[in-house]
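This report examines a protein together with DNA. Please look at the sequence and the model before reading on.

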2 protein chains.
Amino acid sequence: MIDVKAPFILYAQAEVFYDGRACSTLEIGNYLIIHKTDGALLIEASTKTTPRNYQGPGATLEQRAHILISRRKQETIKIVIHKLHSISYLSNWSASNIIITKTEKELVNKIIDNWADYVPGEFVTIQQEFPTLLGPVDIVGVDTNRLHHVVEVKRKNISVPHVSQLDRYISAIRDIGEDAVGYIAAPNIGKNALAYCATQGFQYIKVDF
Amino acid sequence: MIDVKAPFILYAQAEVFYDGRACSTLEIGNYLIIHKTDGALLIEASTKTTPRNYQGPGATLEQRAHILISRRKQETIKIVIHKLHSISYLSNWSASNIIITKTEKELVNKIIDNWADYVPGEFVTIQQEFPTLLGPVDIVGVDTNRLHHVVEVKRKNISVPHVSQLDRYISAIRDIGEDAVGYIAAPNIGKNALAYCATQGFQYIKVDF
DNA sequence: ATTTGCATGTCGACT
DNA sequence: AGTCGACGTGCAAAT
C-alpha cells in the first residue's frame with residue numbers, strides 16, 4: 001500500500017503515539033506526514049515551525065495494515081491512519097545544504113584588518129585562535145607592555161553566557177602569568193550582557209558586516 | 001498563480017535566499033515548500049529533521065512572478081521557483097498539539113512536591129538541577145545537619161550505569177567538602193542495579209506516574 | 001513585551 | 001559511541 005522505502009509526503013487523518021525520551025499522544029486530525037530518504041520522519045500540523053512529532057535520520061519505517069511504525073534506537077513513533085487523503089512520492093528530492101555567509105570568521109577578519117579602529121595602542125602581535133587551556137580565543141593582541149588584549153567575537157547578539165565565556169578565557173590567560181583585558185565584539189549585545197561586561201571591566205566592540 | 005493566503009505544500013525546483021539573523025543560500029534543487037495557516041514556512045530537503053530554511057508563525061507571504069517572498073520582522077526568505085512540479089492546498093489541516101506525558105521532569109516534580117513521603121528528615125533547602133563538576137544532579141535536599149540528600153531520577157528502569165552515575169555525583173559533592181547520601185528514583189529498577197545500590201549504601205525510591 | 005530556561009531539542013565536530 | 005558547544009535554535013512560562 002505505502003512504499004516505506006521511498007521518500008513521500010502523505011496527508012491523512014491520523015493519530016500519533018510517541019514513546020522514547022518521553023511519551024506523547026497527538027489526537028486524531030489531519031496531518032502532513034513526511035518521510036525522507038535518510039529515514040527521517042516528520043508529522044507536521046498547520047501551525048508552528050517545529051513538527052508535532054519527528055524522528056531523526058536512520059529511523060526505519062514499516063507498515064502494518066493502516067499503522068505506520070518508525071523506530072530509531074530507543075524511540076518509536078506509531079501513526080494510526082484513519083483516512084488517507086493523498087500520498088505523493090518525491091523523485092529527485094535534493095539533499096543540498098545551505099551555505100551560511102556573514103560568519104564569525106568574517107567579523108574576526110574585519111577586526112584584525114582594522115585593528116587600530118577597535119583597540120588603540122602599540123601592538124607587538126595579533127594572533128587568531130590564541131590557544132588557552134579552555135580552548136582557543138578568537139583574537140589576542142599583545143601590546144608593548146605585554147598586556148594581552150583578549151577579543152571574543154560573536155556573529156550575532158551577545159548574551160550573558162558569552163561574556164561568562166570571555167571571563168573564563170581571561171582567567172585562563174592570567175593563570176599562565178599574563179596580564180589581560182577583555183573585549184567582546186559583535187553586531188549587537190543584550191542589556192544584561194552589557195551590564196555584566198561593566199562589572200567585569202570588559203569593553204564591548206560594536207562591529208557590523 | 002499561487003494562493004499565498006492558503007496553506008499549501010509545493011514541490012518545486014527552486015533556490016532559496018535567506019537574510020536575517022544570518023545570510024544563507026540554498027543552491028538550486030528540488031525542495032518541498034510548506035506554507036502553514038499561521039504563516040510559518042518550511043523549505044525541506046530530503047535529509048535531516050530540520051528544514052533547510054524556515055520562517056516562524058506570523059510571517060507574510062507574497063508572490064512576484066516566479067518568486068515567493070516571506071517576511072517576518074527583520075527576516076526575509078526569497079524563493080526563486082524555476083519549475084513547479086506540484087502544488088496542493090491542504091484543507092482542514094489540524095492544529096492540535098501533542099500531549100506529553102511521562103517525562104523525567106514530571107517525576108522530579110512529584111518527588112519534590114511530596115518530598116516528606118520519600119525522604120524523611122528536616123530540610124533546609126531542596127534544589128533542582130543542583131550543579132556539580134560532573135553536571136547537574138536532579139534533586140539535592142540539604143537537611144538541618146547540612147547533610148546532602150542526592151536524588152537521581154530516571155523515567156524508566158534503573159540499570160547499573162545509572163547507579164554508577166549517582167556514585168560519581170556523590171563523590172563530586174563530597175569533594176567539595178559536603179557530606180552526602182544517595183537515592184535513585186524511578187518506576188522500576190533492575191536486580192543488579194538494586195544490588196549495586198546496596199553495596200554503595202544508596203536507597204531506591206519507587207515512584208510512578 | 002521581555003527574559004529565562006527547557007527541549008523527544010538537532011546537528012556537527014572532536015575524542 | 002559518547003561528549004561538547006553552537007544554533008537564523010524554537011517554544012512556553014514567568015516576570
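The model is a predicted one.

**DNA strand D**

There are 16 residues around DNA strand D, and those that come nearest are K48(A), T49(A), K156(A), R21(B) and Y54(B). By class, the residues of the surface near DNA strand D comprise five nonpolar, five polar and six charged. Strand β4 of chain B, residues 53–55, provides the largest share of this surface, namely three residues.

**DNA strand C**

DNA strand C is surrounded by 15 residues, the closest being N53(A), Y54(A), N192(A), K48(B) and T49(B). Of the atoms of DNA strand C that come within 4 Å of the protein, 78% are accounted for by sugar and phosphate. The surface near DNA strand C consists of six nonpolar, five polar and four charged residues.

| Protein residue and part | DNA atom | Distance |
|---|---|---|
| T49(A), side chain | sugar or linking oxygen of DNA strand D | 2.8 Å |
| R21(B), side chain | phosphate oxygen of DNA strand D | 2.8 Å |
| E75(B), side chain | base nitrogen of DNA strand D | 3.2 Å |
| Y18(A), side chain | base oxygen of DNA strand C | 3.2 Å |
| T49(B), side chain | sugar or linking oxygen of DNA strand C | 2.7 Å |
| T50(B), backbone | phosphate oxygen of DNA strand C | 3.1 Å |

Two elements give two or more residues to the surface near DNA strand C: β4 (53–55) of chain A and β8 (98–101) of chain B.

**The largest pocket**

The volume of the largest pocket is about 330 Å³. Its lining is made of 17 residues, and Y18(B), R21(B), N53(B), Y54(B) and E75(B) lie nearest the centre. The most is given by β4(B), with three residues. The lining divides into six nonpolar, five polar and six charged residues.

**A buried serine**

S24(B) belongs to strand β2 of chain B, which covers residues 23–35. Is S24(B) buried or exposed? S24(B) counts as buried because its relative accessible area is 4%, which is under the limit of 20%. Leaving aside residues up to four places away in sequence, S24(B) touches I98(A), I99(A), I100(A) and T101(A) in chain A, and V16(B), F17(B), Y18(B) and N53(B) in chain B. With N53(B), the side chain of S24(B) forms a polar contact of 3.2 Å.

**Two loop residues with positive phi**

Two residues other than glycine have a positive phi: for N92(A) the angle is near 60°, and for K73(B) it is about 50°. N92(A) is located in the loop between β7 (75–89) and β8 of chain A. K73(B) is located in the loop between β6 (67–72) and β7 (75–89) of chain B. N92(A) is exposed, with 65% relative accessibility, and K73(B) is likewise exposed, with a relative accessible area of 76%.

Notes: Residues numbered from 1 in each chain as written. Chains lettered and ligands numbered in written order. Predicted model: local features only at pLDDT ≥ 70, side-chain atom pairs only at ≥ 80, totals over all residues. Heavy atoms only, no water. Near = heavy atom within 4 Å. Polar contact = N/O pair within 3.5 Å; in protein donor to acceptor, adjacent residues only side chain to side chain. Helix = DSSP H or I, 4+ residues; strand = E, 2+ residues; numbered from the N terminus. Nonpolar A, V, L, I, M, F, W, Y, C, P; charged D, E, K, R; others polar. 1 Å grid on protein atoms, 1.4 Å probe; cavity = no way out; pocket = protein on both sides within 12 Å on 5 of 7 lines; lining within 4 Å. Points joined across faces, edges and corners; volume = space filled by probe spheres on them. Buried < 20%, exposed > 50% of the residue type's maximum accessible area, 1.4 Å probe, protein only. Contact = heavy atoms within 4.5 Å.
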